[in-house]
Amino acid sequence: MDEHPNRPEPLLRRLSRMKWLRPLLLVLLAASVYLYWPKAKSAASNDPSKGGAQKSKDGSQKSKGGGQKKKGGRGGEPPVTPVMGTRAQKGNIGVYFNGLGAVTPIYTVTIKSRVDGQLMTIHFQEGDTVQKGDLLMEIDPRPYQVQLTQAEGELMKDQAALENARTDLIRYQTLLQQNAIPEQQVATQKAAVAQGEGTIKSDQGLVDSAKLNLTYTRITAPITGRLGLRLVDPGNIVHAGDTNGLVVITQMDPISVLFTISEDQLPVVLQKMRAGQKLTVDAYDREMKRRISAGKLITVDNEIDQTTGTVRLRATFDNKGRGLFPSQFVNARLLVEEKRGVVLLRTAAIQRTTNKTFVYLVKPDSTTTIRDIAVGVTEGDNSEIASGLAPGDVVVMTGADKLQEGSQVRVEIPEEQTGTSPAAGNKPQAGRSGGEKRK
């Protein structure tokens, strides 16, 4: 037995018992390094406060702490503003006088009866287009046939009496030559013959009147046109003095438009008409978006309306497609002049202030400059540029509110885009050099 039980155990013996702990510690240490080392490395590389060079994604070296890009482009270049542009072109533009108008048929007829009687038959459908002379309605002809028969009977009776009077006159004249009768008797017989001739003419007039009334029982179309709604039904008694008609017929082709222009514009129109020019008139719908038809100016009214200061004009239109309808509201545009070979520009590109009109002109170096212009005629989306621009000049159309004198721009011109054409990508566009990457 050990004589000293409380004496410490020798060091070598204790170390020999702990040999199994060392492999365990090495395994734990290796595991810690494997799990936490990549995260620590990533955090160190993203810390901008640490010096040294960092690699960008494309492999180029960037200096840490000094690699932030300055505003305004590379190396302090001025900013490039993307804008939409348009190009001034040489072309033609018309000078128009606009006026409010209404479609007015050249002929409109209200069909009425010219005799009294019962309406028997109707030979049309409402809305039909009829030709001149087509039978429309029939009135009971029997009363007028009876009147004709009576008039013809009276005529025959009076013709017989006249023939007898003429025979007596010839016999009396023979007896007068033989001094068998007095001269007065011959003169009286001559008067009887003349009276009989007058009666025959009167009877013939009655016969003609009866025939005419019989003709009026058949109502025909006086013009070629379109029928409206029927105003009287069959079976009704109609009279020649009725206020309302039977049906209305309207000529549809050709058709006219009555419109007004200002009295200040009248001298120009009259000058063109006196020179023998046929002025063109276009009829547009209410919204001025669709042209309905094109016609010619026919005449000008003979007076000016003093209350409105306007004068009425009439233009005629071919209306085979029935695009114009009677009493339809239209916008009439009278072409008085066509300017050829002038500089044209989109109206949206023109800028205006209280004292001048200008555009932002794009120079060859893709910078803008303010160019004063004079605007002439404006028609639709285009305007005539009387001075200040030449054909081919590129002007900013949208995005001008961000520009000033000398602004760097990148211009795209929509009307010059060719879609999917292979040549579209190779076509140079104004202002592209200002936005391209410099080598």
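Visitor: Taking a cavity as a set of points, on a 1 Å grid over the protein atoms alone, where a 1.4 Å probe fits but cannot get out, what volume does the largest cavity have?
Guide: This is a predicted model, in which local features need pLDDT of at least 70 and side-chain atom pairs 80 or more, while totals for chains, interfaces and linings use all residues. Residues are numbered from 1 along each chain, and side-chain values use heavy atoms, without hydrogens or water. The structure holds one cavity of 30 Å³ or more. With volume taken as the space filled by probe spheres set on points joined across faces, edges and corners, the largest cavity comes to about 30 Å³.

Visitor: Which residues line the largest cavity?
Guide: Lining residues have an atom within 4 Å of a point. By class, the lining has three nonpolar, four polar (Gly counts here) and two charged residues. The residues are Lys112, Ser113, Val238, His239, Ala240, Asp242, Asn244, Gly245 and Leu246.

Visitor: How are α3 and α4 oriented to each other?
Guide: The axes, lines fitted to C-alpha atoms over the stretch in contact, of helix α3 (residues 142-177) and helix α4 (residues 183-216) come within 8 Å and cross at roughly 165° between N-to-C directions, on a scale from 0 to 180 degrees. Since angles over 145 degrees count as such, α3 and α4 are therefore roughly antiparallel.

Definitions and conventions:
On a 1 Å grid over the protein atoms alone, a cavity is a set of points where a 1.4 Å probe fits but cannot get out, and a pocket is an open set with protein on both sides within 12 Å along at least five of seven lines; lining residues have an atom within 4 Å of a point. Helices (H or I, at least four residues) and strands (E, at least two) are DSSP runs, numbered from the N terminus. Angles under 35 degrees count as roughly parallel, over 145 as roughly antiparallel, 65 to 115 as roughly perpendicular and the rest as oblique.
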